[in-house]
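The exercises below ask you to read a protein model step by step. Look at the sequence and the structure first, and then try each task before you read its solution.

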Amino acid sequence: MKIIRSQTPLRLGLAGGGTDINLYCDKYTGYVLNATISLYIHCTLIERNDNKIIFDSPDTGGFAKYESKEHLENDGKLDIFKSIYNRIVRDFTKKPLSFSLHTYSDVPSGSGLGGSSTLVVGVIKAFVEWLNLPLGEYEIAKLAYEIEREDMGIVGGAQDQYAATFGGFNFMEFYDQKRVVVNPLRIKNWIASELESRIVLYFTNITREAKDIEEHKKGKLGGGKSLEAMHAIKQDAIDMKEALFRARFDTLAAILNKSWQSKKIISEIVSNDELERIYHLAMENGAYSGKTSGAGAGGFMFFMIDPTKKYNLIKALNKEQGYVQDFSFTKEGAKSWRI
């Protein structure tokens, strides 16, 4: 009986987030800068011979058991697993499969680190390993995007799927007709380590549905200040990439703050009283700048700070309702193996 595992990294959105949504990038082209971190979606797929399919997601409390067949109807219960399975059968095997699938995440769902898209990539990666599917990095990311955004109709961008698949620091370009170019950045090790030492990652303990925020943003992109703010966020991705290459951390911190202000212009639900309170608490304890990772409204925030002041900021934040999360930047994307 074959046992397959996959491990897929979550990502920190540094700049340009939101410009990867089709409503924007189809017309204006989107640019995003992100990096994967040492927090993961873990997946184990076990082949079965009893014509059953089991989905098990203990961290979200989800469990379901089905008779194996070519198509599983979505019914609001673990639909993301069923949607992945349906595409694998429809596009590749053309026949039912029998297996149990077990997943969990290192962080809560709805935390702004691209968890749901990373989950889709991780499960596809496990199927690729099990069935020897002829899919490379671009194909896996594109399939993950289509499952989530088209098959399931979940509003959102494409950066998470490509970050999870490729891993490392990437500057991504998003064009119309789902065309994507991923440019892996050769960031020097000491620069990545220094950036890591200057960041505090804090979970606000506020979880939310990213699709609700992205839906609200989409309604604001017809023109005016919201569209101008989105253009500014795109430029921030270019400027931050240059600052990163040249190790200009003060410039990087300034761009981060500028992006956070622009993000709040796009939609008023990106921030709230609690996030603003935490932001100002961080500033009072030495942070230069900060923003949410992902769509906003909750999840993880990250702050840039002089490393000599980092301890005091961590101490202050850990007195709040959330917690500071250790992490390191990683170079590897989704990986799988069999035992």
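**Exercise 1.** Find the residues that Val107 is in contact with, leaving aside its neighbours within four places in sequence, and then decide whether Val107 is buried or exposed.

*Solution.* Leaving aside those neighbours, Val107 is in contact with Leu10, Leu39, Leu113 and Phe300, where contact means heavy atoms within 4.5 Å. Finally, Val107 counts as buried, because its relative accessibility is 5%, and buried means under 20% relative accessible area, exposed over 50%, and partly exposed in between (1.4 Å probe, protein chains only).

Before going on, note that this is a predicted model, in which local features need pLDDT of at least 70 and side-chain atom pairs count only at pLDDT 80 or more, whereas totals for chains, interfaces and linings use all residues. Residues are numbered from 1 along each chain as its sequence is written, and side-chain values use heavy atoms, with hydrogens and water left out.

**Exercise 2.** Determine which side chain is joined to that of Ser336 by a polar contact.

*Solution.* Begin with the position: Ser336 lies in strand 12 (residues 335-338), and with 18% relative accessibility Ser336 counts as buried. Not counting residues up to four places away in sequence, Ser336 touches Arg5, Ser6, Lys125 and Glu129.

**Exercise 3.** Compare the reach of helix 8 with its expected span, and say what covers its buried residues.

*Solution.* Helix 8 (residues 224-245) has 22 residues and reaches 33 Å from its first C-alpha to its last, close to the expected 32 Å; the expected span of a helix is 1.5 Å times one less than its number of residues. The buried residues of helix 8 include Leu227, Met230, Ile233 and Leu244, and what covers the buried residues includes strand 1 (3-15), strand 2 (30-47) and helix 9 (249-266). Just after helix 8, Ala247 takes a positive phi of about 60 degrees.

Notes:
Helices (H or I, at least four residues) and strands (E, at least two) are DSSP runs, numbered from the N terminus. A polar contact is a pair of N or O atoms within 3.5 Å; within protein, one must be able to donate a hydrogen and the other to accept it, and residues adjacent in sequence count only if both atoms are side-chain atoms.
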